[in-house]
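Have the 3D view ready.

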Amino acid sequence: VVLYERELGRLARFLKREGRSANERATVSFSTPGISSVAAAVNDEMDALRDERAALGERQEAFQRDLAALSHDIRTPLAGAQGYLQLHERSADPAERERCLREASSRLSAMRELTDRLFDYAKAADSDSPLVCGPVEALPVLAEVLAGAYPQLKERGWDPVIDFEDEGATVLADSEALSRVFSNLLANALHHGTSAPRVSQRLVPPDGGAGRGMVEFAFSNEVGDPVSIDADRLFERFYRADAARSGEGSGLGLAIVANLCRRMGGSVEAKVSHETLSIIVHLPVAE
């Protein structure tokens with residue numbers, strides 16, 4: 001009993017000691033199965049707490065970076081709009097005044113697009129607002145998205161290539177969320193690609209023949225400077241690469257895709273091969 005009390009007292013003092021290093025471990029000198037298991041449990045809890053604190057620190061750093069990026073993205077068009085409005089007030093030339101109003105309106109529209117994207121991202125990341133997933137036939141959803149983007153495709157003279165292994169395949173998804181995923185991927189291809197997009201689909205059987213298979217959708221097209229693209233970071237909030245995110249953009253479109261895919265039980269990845277960027281979505285097969 002005295003030995004047990006001594007070891008438990010040592011463990012208690014170890015836990016109460018201030019300034020203890022995160023890498024320190026509880027040790028015992030009177031080793032019995034019970035005392036050793038208590039010390040091991042204490043060390044496991046300390047490891048879990050250390051990892052949780054590290055993850056929290058990383059999230060805080062990411063939040064600070066995102067906040068800085070968001071502040072920059074808001075201030076830039078706002079400052080531009082204010083500048084053009086000031087020029088409008090000082091100019092006596094009607095044509096110049098009209099140009100200043102157009103430029104100011106364009107920058108305010110960019111701010112509106114950013115705030116809309118932020119709202120979309122907040123909805124996509126909100127786990128308290130569950131998606132309603134059921135069997136969804138993917139091809140009609142894609143066709144509707146392509147029809148909505150017809151003016152932009154026609155303006156560039158692009159004819160998208162659709163290559164579906166199984167045109168009747170259904171996925172387990174929320175139809176509205178799937179439409180948003182396809183829409184954002186097509187918008188990314190239109191805004192940052194240099195060739196017509198290719199959308200392919202194939203079925204991926206489950207590993208070992210057990211479980212649920214996946215349907216893979218790949219949106220691919222050429223980009224101007226593939227070397228500048230960090231495929232591992234494309235789905236981060238506010239990330240931009242010269243080739244993949246040139247020009248004005250919120251940097252949230254692919255982050256929304258990643259969140260929606262995760263909430264539908266799927267995943268998304270990016271690959272760069274030669275001059276081509278491919279965004280690949282994996283969604284479960286509807287059974």
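Start with helix α6, which gives the most to the lining of the second largest cavity, with three residues. Helices here are DSSP runs (H or I, at least four residues), strands are E runs of at least two, and both are numbered from the N terminus. You're looking at a predicted model, where local features need pLDDT of at least 70 and side-chain atom pairs pLDDT 80 or more, while totals for chains, interfaces and linings use all residues. Residues count from 1 along each chain as its sequence is written, and side-chain values use heavy atoms, without hydrogens and water.

So what's a cavity? On a 1 Å grid over the protein atoms alone, it's a set of points where a 1.4 Å probe fits but cannot get out, and lining residues have an atom within 4 Å of a point. The second largest cavity is lined by Leu185, Asn188, Ala189, Phe219, Asn221, Leu277 and Ile279. Two or more of the lining residues come from each of α6 (175–192), β5 (214–222) and β7 (276–284).

Now see how α6 meets a neighbour: α4 (residues 138–148) packs against α6 at about 45 degrees, with the axes 9 Å apart. Axes are lines fitted to C-alpha atoms over the stretch in contact, with angles from 0 to 180 degrees between N-to-C directions. The two helices are therefore oblique to each other (angles under 35 degrees are roughly parallel, over 145 roughly antiparallel, 65 to 115 roughly perpendicular, and the rest oblique). On the α4 side, Ala138, Val141, Leu142, Val145 and Leu146 make the contact (heavy atoms within 4.5 Å), and α6 answers with Leu178, Ser179, Phe182, Ser183 and Leu186.

Technical notes:
1 Å grid on protein atoms, 1.4 Å probe; cavity = no way out; pocket = protein on both sides within 12 Å on 5 of 7 lines; lining within 4 Å.
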